[in-house]
Amino acid sequence: MYFSSPILGRDSVENCPSFSTILKKIFRIGEQMRFPGHFLKWALALMFSFAWAPILKAELRTLPAHVPMVRATTPPDGAKNLCETYSWACRRGSQKNLPVERAIEFVRKINLDVNRKIRSQSDQRQYGREEYWTLPESGRGDCEGYALLKKRLLLAEGIDPSRLLLATVLDTRMSSHAVLVIRRPSGDYVLDNLSNRILHWSETGYVFLRIQDPEAPHRWFMVMRGGRVDDAMQRRGSMNQPTSSLGRALAPPSRLVLP
């Protein structure tokens with residue numbers, strides 16, 4: 001039995017590529033063609049709408065404790081000049097080097113305070129741009145503004161920069177979003193303006209797209225894992241049965257909160 005797709009060409013079902021491989025191919029095409037950020041959202045929707053899911057291999061792997069970094073990639077459009085604008089956002093070391101495990105209560109406080117004090121407003125409305133990574137100095141900001149402010153405040157407290165990583169995701173509505181990832185020995189947890197809870201990255205319901213390189217934060221890595229895509233595959237147990245709709249296949253996962 002054979003299948004044919006515009007992304008992968010013609011191949012047999014037995015030799016069909018893994019789900020994550022298809023996601024990575026779509027991501028590369030989006031980068032090469034310079035498609036806008038919502039390209040991936042529609043590509044994923046098309047994959048399920050046209051019943052590509054039944055021919056994909058089952059991938060019943062447990063997600064790792066830390067966000068997996070697949071390969072180097074370009075920064076998000078709004079973050080291309082981030083290091084020039086805010087050198088601290090790409091800092092490699094800290095003189096204080098406060099262990100993140102000793103600062104958990106402060107991390108919770110910063111996440112809550114920033115979420116409460118900053119008013120959410122899109123970059124388009126405030127700056128006339130679709131994506132503009134900047135601190136919310138006016139008291140208003142988009143998701144990346146929250147993430148940047150949290151990172152700056154936590155860096156000032158002395159947390160190692162390699163533990164504080166900016167990341168871009170698709171949220172539970174498959175919309176582009178940005179968060180701050182705090183890297184603990186036990187795993188990666190997410191500081192998010194959409195929730196006051198600090199969840200493990202695999203339990204946010206987000207598909208992670210890009211993340212800063214902890215060793216060199218001016219570089220970014222592609223991820224293409226996590227959230228509802230992986231959860232849907234694990235819950236179904238096999239991709240050999242038809243998927244009737246994107247919504248049913250990608251039902252919300254359970255939530256784990258930062259211990």
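The model is a predicted one. Strand β11, residues 220-225, has six of its six residues buried, so β11 too is largely enclosed. The largest nonpolar core has 31 residues, and one disulfide is counted.

- Strand β6 spans residues 164-170.
- Leu164, Leu166, Thr168 and Leu170 point one way from β6. Leu165, Ala167 and Val169 point the other way. Residues on both sides are buried.
- In a regular strand, side chains alternate between the two faces of the sheet.
- β6 pairs with β7 in the antiparallel sense, over seven bridges. Within this pairing, Leu170 stands opposite Ser176 of β7.
- The two strands β6 and β7 form a hairpin, with five residues between them. Met174 sits in the turn and has a positive phi of about 65°.
- β6 also runs antiparallel to β10, joined by four bridges. Here Val169 has Phe208 of β10 as its bridge partner.

**Strand β11 and its partners**

- β11 pairs with β10 (residues 207-212) in the antiparallel sense, over four bridges. Arg210 stands opposite Met222 in β11.
- β11 pairs with β3 (residues 71-73) as well, again antiparallel, over three bridges. Ala72 stands opposite Phe221 in β11.
- Strand β10 therefore has antiparallel pairings with both β6 and β11, because four bridges join β10 to β6 and four bridges join β10 to β11.

**Nonpolar cores**

- In the 31-residue core, the residues with the most contacts inside it are Leu82, Trp133, Leu148, Leu154 and Leu166.
- The elements giving two or more residues to this core are α4, α6, β6, β7 and β8. Helix α6 covers residues 143-157, strand β7 residues 176-184 and strand β8 residues 187-192.
- The largest share of the core comes from α6, with seven residues.
- Another core, of 14 residues, lies apart from the largest one. Its members include Ala167, Trp201, Phe208 and Phe221.
- Leu148 is in contact with Leu82, Trp133 and Leu166, among others.

**Asn111 in helix α4**

- Asn111 lies in helix α4, which covers residues 104-117.
- Asn111 has 0% relative accessibility and counts as buried.

**Cysteines**

- A disulfide is a covalent bond between the sulfur atoms of two cysteines.
- Cys83 and Cys90 are joined by a disulfide, with an S to S distance of 2.0 Å.
- The torsion about this S-S bond is about -80°, so the disulfide is left-handed.
- Cys83 is partly exposed, because its relative accessible area is 24%, and the cut-off for buried is under 20%.
- Cys90, at 12% relative accessibility, counts as buried.
- Cys143 also counts as buried, at 10% relative accessibility.

Methods. Residues numbered from 1 in each chain as written. Predicted model: local features only at pLDDT ≥ 70, side-chain atom pairs only at ≥ 80, totals over all residues. Heavy atoms only, no water. Buried < 20%, exposed > 50% of the residue type's maximum accessible area, 1.4 Å probe, protein only. Disulfide = S-S within 2.5 Å. Core = buried A, V, L, I, M, F, W, Y, C linked by side-chain atoms within 4.5 Å. Contact = heavy atoms within 4.5 Å. Lists of a residue's contacts leave out its neighbours within four places in sequence.
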